Amino acid sequence: FAFLLFLAPSSFAADSEADAEPVVDRDETMVDRSYQSVDNLVQTTVNQIDSFFVNDEHSTFTDRKTRVRLRLNTDYIQHHGWELSPKVKLHLVLPGMNDRLRIVMNDDQGADVDQASPNDEDSDLALRWIGRQNAKRGYSFDLGFRIKSGDFDPFGRINLGFEYDLPGKWVGQSTNRLYYYSKTGVRNDFRQYFNRGITDDLLFRSRTRLQYFEENEENPYIEQKFSLFQSLSDTRKIAYEALYRKVSIEDSPFDEDEIISTGNNYYSHYQLQARIRQQAWRPWFFVEFWPIVAWPEEHNYDTVFGARVRLEVNLGGSGDQRLDE
């Protein structure tokens with residue numbers, strides 16, 4: 001059913017008499033203009049925030065440019081210590097075939113992964129075929145492989161996404177990724193976004209994420225995040241975030257000997273954090289600092305402090321970070 005929504009026509013023409021005089025309802029026109037103004041505010045604010053933070057989840061179906069992202073995360077978690085995790089992300093648009101072919105590397109992971117975990121060591125590479133891609137809806141198909149804990153695992157993936165206007169100054173976006181791994185079976189990753197532009201410099205976003213893993217006994221894995229993005233200047237943005245997530249024991253940021261509450265296959269995390277992102281030195285170089293306060297079930301919900309320092313280089317595509325797109 002969801003797939004049919006993407007193939008449905010986006011507009012319908014109404015029959016009318018050739019010589020008929022159009023009837024204009026002034027009140028209705030004013031309402032339409034007001035709604036369009038609100039919609040433009042939301043879209044402009046979303047584009048500014050996503051362009052600066054380079055949120056992959058929100059640009060999966062609209063990115064038509066080659067880009068390379070080099071990222072180095074340095075994480076500190078109380079009762080665990082320091083972790084260093086480099087990552088390379090690639091989105092290569094291949095010539096020919098009406099720009100429908102892509103090579104993507106580590107596209108599986110989003111731009112705002114919250115803390116270091118064993119999954120940071122995974123890597124994947126895929127060839128993508130774009131079935132449909134525009135600002136409102138899209139679908140694509142991937143064939144590739146991932147390297148998980150040193151193990152080679154081929155996979156296929158179907159990516160779906162669409163965006164829609166909602167009443168009350170809201171814009172919604174739904175995305176779904178359905179995977180089949182040759183060794184671990186089915187995985188599904190559904191994300192639901194609600195955006196509301198408050199002013200030109202403030203954006204509220206709700207993200208609900210549901211994941212299913214055939215290989216795991218406990219399903220689904222749930223994450224709820226609320227973010228308030230603030231534009232402090234053209235070169236500095238900040239996000240204030242609160243989140244809840246349920247993670248498997250394999251994805252816990254703590255080592256086995258650091259876990260106090262044992263005997264569970266999954267754990268709940270509650271977390272508050274800020275993401276301060278600053279353009280530095282060059283338009284393609286960014287520094288982020290994340291102060292974090294968490295209450296993980298692994299430590300009986302005691303307060304745990306953490307921090308992240310991120311260095312990031314964006315080359316090509318949205319690497320120029322233009323705010324007028």
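Buried means under 20% relative accessible area. Keep that cut-off in mind during this tour of a predicted model.

**The whole chain**

Start with everything shown. The protein has 3 helices and 14 strands. Of its 325 residues, 45% are buried. The accessible surface is about 16,900 Å², and carbon and sulfur atoms account for 58% of that.

**Stop 1: Arg-277 and Glu-288**

Select Arg-277 and Glu-288. They form a salt bridge, with the closest N and O atoms 2.6 Å apart. Arg-277 sits in strand β12 (residues 266-279) and Glu-288 in strand β13, so the pair ties together parts that are 11 residues apart in sequence. Both Arg-277 and Glu-288 are buried.

Now widen the selection to Arg-69, Arg-71, Glu-241, Arg-275, Arg-310 and Glu-312. Together with Arg-277 and Glu-288, these residues are linked in a network of salt bridges. The structure holds 21 salt bridges.

**Stop 2**

Move to Phe-289, in strand β13 (residues 285-296). Phe-289 is partly exposed because its relative accessibility is 39%.

**Stop 3: strands β4 and β5**

Select Arg-128 and Asp-142. Their salt bridge has its closest N and O atoms 2.8 Å apart. Arg-128 is in strand β4 and Asp-142 in strand β5, so this pair ties together parts 14 residues apart in sequence. Arg-128 is buried, at 2% relative accessible area, and Asp-142 is buried with a value of 2%.

Next, select Lys-148 and Asp-122, whose side chains meet in a salt bridge (3.6 Å, N to O). Lys-148 is in strand β5 (residues 137-148), while Asp-122 is in the loop between β3 (101-105) and β4 (123-133), 26 residues apart. Lys-148 is partly exposed, with a relative accessible area of 26%, whereas Asp-122 counts as buried at 12%.

**Stop 4: Phe-152**

Phe-152 is in strand β6 (residues 151-166) and is partly exposed, at 46% relative accessibility. Not counting residues up to four places away in sequence, Phe-152 touches Phe-145, Arg-146 and Lys-183. For a distance check, pick the C-alpha atoms of Phe-152 and Asp-124: they are separated by 9.5 Å.

**Stop 5: Arg-209**

End in strand β9 (residues 202-213), at Arg-209. Arg-209 has a relative accessible area of 15% and is therefore buried. Its side chain makes a polar contact of 3.5 Å with that of Gln-211. Beyond its neighbours within four places in sequence, Arg-209 is in contact with residues including Arg-187, Asp-189 and Tyr-221.

Technical notes
Residues are numbered from 1 along each chain as its sequence is written. This is a predicted model: local features need pLDDT of at least 70, side-chain atom pairs count only at pLDDT 80 or more; totals for chains, interfaces and linings use all residues. Side-chain values use heavy atoms; hydrogens and water are left out. Helices (H or I, at least four residues) and strands (E, at least two) are DSSP runs, numbered from the N terminus. Buried means under 20% relative accessible area, exposed over 50%, partly exposed in between (1.4 Å probe, protein chains only). Accessible areas come from the Shrake-Rupley method with a 1.4 Å probe; for residues, only the protein chains shown count as cover. Contact means heavy atoms within 4.5 Å. A polar contact is a pair of N or O atoms within 3.5 Å; within protein, one must be able to donate a hydrogen and the other to accept it, and residues adjacent in sequence count only if both atoms are side-chain atoms. A salt bridge is a side-chain nitrogen of Lys or Arg within 4 Å of a carboxyl oxygen of Asp or Glu.
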